[in-house]
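Take the sequence and the model together and go through them by region. The paragraphs below cover rings, salt bridges, a helix in its surroundings and a surface patch.

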Amino acid sequence: MTPVRDNTQQTASHSRDLRVSFEFFPPKTEKMEETMWRSIHRLAPLAPSFVSVTYGAGGSTRDRTHASVTRIQRETGIPAAAHLTCVGHTRDEIERIARTYWDEGIRSIVALRGDLPDSGDTYIPTPGGYDYAVDLVAGLKQIADFDISVSAYPETHPDAPSADFEIEYLKRKFDAGANRAITQFFFDNEVFLRFRDKCAKAGITAPIVPGILPVTNFAALLKFADMCGAQVPARLHHRFDGLDEDPETRRMVAFHEAISQVEGLIAEGVEDFHFYTLNRAELTYAICHALGIRTKQVALSA
């Protein structure tokens, strides 16, 4: 087990080297949109490396993703990254979308195979589209010199035949032109560290950025974990047990878990972190503050 450091001076000394990025999802309602934008304006002054916006299953949120990405970059000046998937799009559609992003000043893409509208379906490539993420990465690089992030699964993607295949396929995505990988969330640092070591052994030198999910809703977490194959340790079940109707204590436990995880990774030389915010700023902001990442002067449009 990686020891957790709990030393304020040590944390502060690392803050200059740490880089963070934040992920949001396109809001479905006006109220959800207000919550997302409050969160974006709360987190933007921390000067993240980029802010990404997800894509719905089957490309179902394409228009809302586009609107959010362009507005984020326009209003905050922070580089915005648009998720783009193979599912539901032909190559011609992908090219039109990508060129529109490029013309609007969006230089970053998170390139994914994509989720199916029905999680129980078997993946079948879209006719006339890119078959898999590696093909999408190569196609995007031919369109323009995008900065491309791809996904990585330390606990192995549910559709991958083996852990070795997971790493082999990740290397293919880097060979196709990806700039970094962002991992699915995990709660056991040893899982990430072993994965990172195996990637290095396979010749992968590009950044493998850990995805961090502060636990705002434990019941929802269990559903997310089941869909993506992430393990939820017994300690989390124990620590969140009985807190469904106690949001204040739940936030305190969630903060402790997340900051302990990040501090443990910093002790192992990790300097980049991607936070899955679920469109809420409170926990992510508190974690960044505790790490010494403080507000910078960022001009926000009215």
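Which residue lies over the face of Tyr123? Arg113 does, at 4.3 Å from the ring centre. A charge counts as sitting over a ring if NZ of Lys or CZ of Arg is within 6 Å of the ring centre and within 35 degrees of the ring normal. Arg42 is placed in this way over Tyr285, at 3.7 Å from the ring centre.

The model is predicted: local features need pLDDT of at least 70, side-chain atom pairs count only at pLDDT 80 or more, and totals for chains, interfaces and linings use all residues. Residues are numbered from 1 along each chain as its sequence is written, and side-chain values use heavy atoms, with hydrogens and water left out.

Next come the aromatic pairs. Rings of Phe, Tyr and Trp (its six-membered ring) pair if their centres lie within 6.5 Å; planes under 30 degrees apart count as stacked, over 60 as edge-to-face and the rest as tilted. The count by this rule is seven aromatic pairs. One of them joins Phe22 and Phe275, whose ring centres are 6.3 Å apart and whose planes stand at 45°, so the pair is tilted. Phe22 is in strand 1 (residues 19–24) and Phe275 in strand 9 (residues 272–276), so that distant parts of the chain, 253 residues apart, are linked. Helices (H or I, at least four residues) and strands (E, at least two) are DSSP runs, numbered from the N terminus. Phe22 counts as buried because its relative accessibility is 0%, and Phe275 is buried at 0% as well. Buried means under 20% relative accessible area, exposed over 50%, and partly exposed in between (1.4 Å probe, protein chains only). Tyr123 and Tyr132 make a tilted pair too, with 5.3 Å from centre to centre and 55° between the planes. Tyr123 is buried at 11%, whereas Tyr132 is partly exposed at 38%.

The search of the whole structure finds 12 salt bridges, each defined as a side-chain nitrogen of Lys or Arg within 4 Å of a carboxyl oxygen of Asp or Glu. Arg71 and Glu75 form one of them, at 2.7 Å from N to O. These two residues are four apart in helix 3 (residues 62–76), which means a separation of about one helical turn. An α-helix has 3.6 residues a turn, so residues three or four places apart point the same way. Arg71 is partly exposed at 26%, and Glu75 is buried at 10%. Lys171 and Asp175 meet at 3.3 Å, N to O, and are likewise four residues apart, in helix 6. Lys171 is partly exposed at 28%, while Asp175 is exposed at 58%.

Asp147 and Arg180 form a salt bridge with their closest N and O atoms 2.6 Å apart. Asp147 lies in strand 5 and Arg180 in strand 6 (residues 180–183), so this pair ties together parts 33 residues apart in sequence.

Helix 5 (residues 133–143) has as its buried residues Ala133, Val134, Leu136, Val137, Gly139, Leu140 and Ile143. Their cover includes strand 3 (80–85), helix 4 (91–103), strand 4 (108–112), strand 5 (147–152) and helix 6 (163–175), where contact means heavy atoms within 4.5 Å.

At the surface, Phe224, Met227 and Leu278 form a nonpolar patch with about 260 Å² of accessible area together. Patches consist of residues with over 30% relative accessible area and no salt bridge; like charges are joined within 9 Å, and nonpolar side chains (Val, Leu, Ile, Met, Phe, Trp, Tyr) within 5 Å. Accessible areas come from the Shrake-Rupley method with a 1.4 Å probe, and for residues only the protein chains shown count as cover. Met227 lies in helix 8 (residues 218–228) and is exposed at 54%.
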